[in-house]
Amino acid sequence: MGDVVYDIINRDVGVLLRRYDIFEEEWQTGYNDGAAVMVWDLYWTGPNVFPVHDRLQTYTEEGLEILFDSGALLLYKSI
């Protein structure tokens, strides 16, 4: 948490806020087949976030890893 993400395409900066299993949410209990799906809440800043009111976005951990490995996003770990 608190790591900074840089989008090289849009030049926006985001902050990783929270990591959790999406099936831990109470409303999801009937859908869980026992597999954990880890997700991150990411808060974006900058002028290119569209729509502007959707600055908080959720990404699967695997999806973020793919974006980091491809170079589309850069990760700056917090101290």
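Predicted model: local features only at pLDDT ≥ 70, side-chain atom pairs only at ≥ 80, totals over all residues.
Two strands are taken as paired if DSSP finds at least two bridges between them.

Within the pair, V5 faces G14 of β2, and Y6 has V13 as its bridge partner. Five residues lie between the two strands of this hairpin, and R11 adopts a positive phi near 60°.

Four bridges connect β5 to β1, and the two run antiparallel; here V5 stands opposite L75.

Now display the whole sheet. It is open and contains five strands in the order β4-β3-β2-β1-β5, paired in antiparallel fashion. Strands β4 (56-60) and β5 (73-76) each have a single partner and stand at the edges, so one side of each lacks a neighbour in the sheet. On average, neighbouring strands are turned by 35° against each other, direction ignored.

Proceed to residues 61-70, helix α1. This helix lies across β1, β2, β3 (38-45), β4 and β5, and runs at about 90° to β4.

Finally, select V4, I8, I9, V13, L74 and Y76, which form a nonpolar surface patch with about 510 Å² of accessible area together. Of these residues, L74 is located in strand β5. Because its relative accessibility is 32%, L74 counts as partly exposed, a class that lies between under 20% for buried and over 50% for exposed.

Definitions and conventions:
Residues numbered from 1 in each chain as written. Heavy atoms only, no water. Axes fitted to C-alpha atoms, helices over the stretch in contact; angles between N-to-C directions. Contact = heavy atoms within 4.5 Å. Patch = residues over 30% accessible without salt bridge, like charges linked within 9 Å, V, L, I, M, F, W, Y side chains within 5 Å. Areas by Shrake-Rupley, 256 points an atom, 1.4 Å probe, with all protein chains shown as cover. Salt bridge = Lys/Arg side-chain N within 4 Å of Asp/Glu carboxyl O. Buried < 20%, exposed > 50% of the residue type's maximum accessible area, 1.4 Å probe, protein only.
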